[in-house]
Amino acid sequence: MELNELKATWQQLEQTLERGNRLNAQVLRQQKHDAMEKSLRPLRRNQAFQIALGVVFLVLAALLWVTKPSAVSIIVSGVIVQAYGIGCILAASLVFSAMNRLDYAGPVVKVQTGIAQVKRAYGISVLVAGLSWWFLWIPLLMMMSGFAHVNLYAHAPSVIWIGIIIGFVGLLAMYGVYLYGKSAESASLRRFVERAAFGRSLTNATKQIDDIRRFEEELVSPTM
């Protein structure tokens with residue numbers, strides 16, 4: 001009888017402990033999900049700003065068409081600037097779409113997949129709206145000169161070609177730094193490169209969901 005009572009007491013303690021672990025897991029998940037959602041708010045603001053920037057460039061291109069430019073180089077510059085404005089809007093919309101599909105209360109694997117999709121969309125956004133500035137300043141400068149009816153390419157073609165060379169060198173240098181940082185032995189350097197590539201918002205969101213995954217694994221491992 002005493003042995004049976006001891007077994008019953010032990011089972012009750014195990015059930016109580018299991019309920020406590022489940023409750024702790026739920027509380028942690030909620031806290032981490034709230035923190036993850038909060039950490040992504042700056043990313044939403046940045047993408048909203050990017051859309052506004054795209055609209056500004058579309059307006060600049062429209063103003064150029066009003067002047068009816070005749071020089072081919074100025075027309076090409078206007079087309080590039082207009083394409084950049086459209087690209088900014090589309091890329092930001094892609095990020096918004098990926099973020100809106102995030103299910104913060106879903107399984108960890110599903111949330112991780114959602115964060116990976118946001119990262120891919122953000123990578124496209126950075127490529128379109130950010131890294132393109134290594135070259136975009138050239139057609140922008142040519143277009144602004146076109147407003148004053150000055151054909152920059154006809155008067156100073158060396159500025160254009162030197163700018164293109166600088167753009168390629170700058171992009172290659174950034175790519176080299178990224179590859180070096182990804183494969184570096186220093187964890188702090190890898191975190192710095194990841195934050196530089198994906199921004200603070202996505203880095204923090206990834207950390208939150210990784211914390212949840214590790215905690216759930218720790219809850220499961222003792223019973224295995």
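## Helices from end to end

Helices (H or I, at least four residues) and strands (E, at least two) are DSSP runs, numbered from the N terminus. With that in hand, the protein chain reads α-α-α-α-α-α-α-α from its N terminus on. That makes eight helices and zero strands.

A word on what you are looking at: this is a predicted model, in which local features need pLDDT of at least 70 and side-chain atom pairs count only at pLDDT 80 or more, while totals for chains, interfaces and linings use all residues. Residues are numbered from 1 along each chain as its sequence is written, and side-chain values use heavy atoms, with hydrogens and water left out.

## The chain as a whole

Let us begin with burial. A residue is called buried under 20% relative accessible area, exposed over 50%, and partly exposed in between (1.4 Å probe, protein chains only). Of the 224 residues in the protein chain, 32% are buried.

Accessible areas come from the Shrake-Rupley method with a 1.4 Å probe, and for residues only the protein chains shown count as cover. The protein chain exposes about 14000 Å², and carbon and sulfur atoms supply 66% of that area. Now for contacts, meaning heavy atoms within 4.5 Å. Among contacts between residues at least 6 apart in sequence, 78% join residues at least 24 apart.

## Inside: the nonpolar cores

A nonpolar core is a set of buried Ala, Val, Leu, Ile, Met, Phe, Trp, Tyr and Cys residues joined through side-chain atoms within 4.5 Å. The largest one here has 14 residues, and those with the most contacts inside it are L40, L43, M99, L102, I115, V118 and L202. Helices α3 (72-100) and α4 (108-131) are the elements that give two or more residues to this core. The largest share, five residues, comes from α4. Apart from this core lies another, of 11 residues, including L64, V81, Y84 and L140.

Where does L40 sit? You will find L40 in the loop between α1 (2-39) and α2. L40 counts as buried because its relative accessibility is 1%. L40 and M99 are 59 residues apart along the chain, yet their C-alpha atoms are separated by 8.5 Å.

W133, W137, L141 and V159 make a nonpolar surface patch of about 310 Å². In patches, like charges are joined within 9 Å, and nonpolar side chains (Val, Leu, Ile, Met, Phe, Trp, Tyr) within 5 Å.

Helix α5 (residues 133-147) gives the most to the patch, with three residues. W133 lies in this helix, and W133 counts as partly exposed because its relative accessibility is 32%. S145 is also in helix α5, but S145 is buried, since its relative accessible area is 15%. Leaving aside residues up to four places away in sequence, S145 touches V150 and L152.

## Two loop residues with positive phi

Most residues other than glycine have a negative phi. K68 has a positive phi, near 50°. K68 belongs to the loop between α2 (41-66) and α3, and K68 is exposed because its relative accessible area is 71%.

H149 has a positive phi as well, near 60°. H149 is found in the loop between α5 and α6 (152-155). Is H149 buried or exposed? At 67% relative accessibility, H149 counts as exposed.

Technical notes: Patches are made of residues with over 30% relative accessible area and no salt bridge: like charges are joined within 9 Å, nonpolar side chains (Val, Leu, Ile, Met, Phe, Trp, Tyr) within 5 Å. A salt bridge is a side-chain nitrogen of Lys or Arg within 4 Å of a carboxyl oxygen of Asp or Glu.
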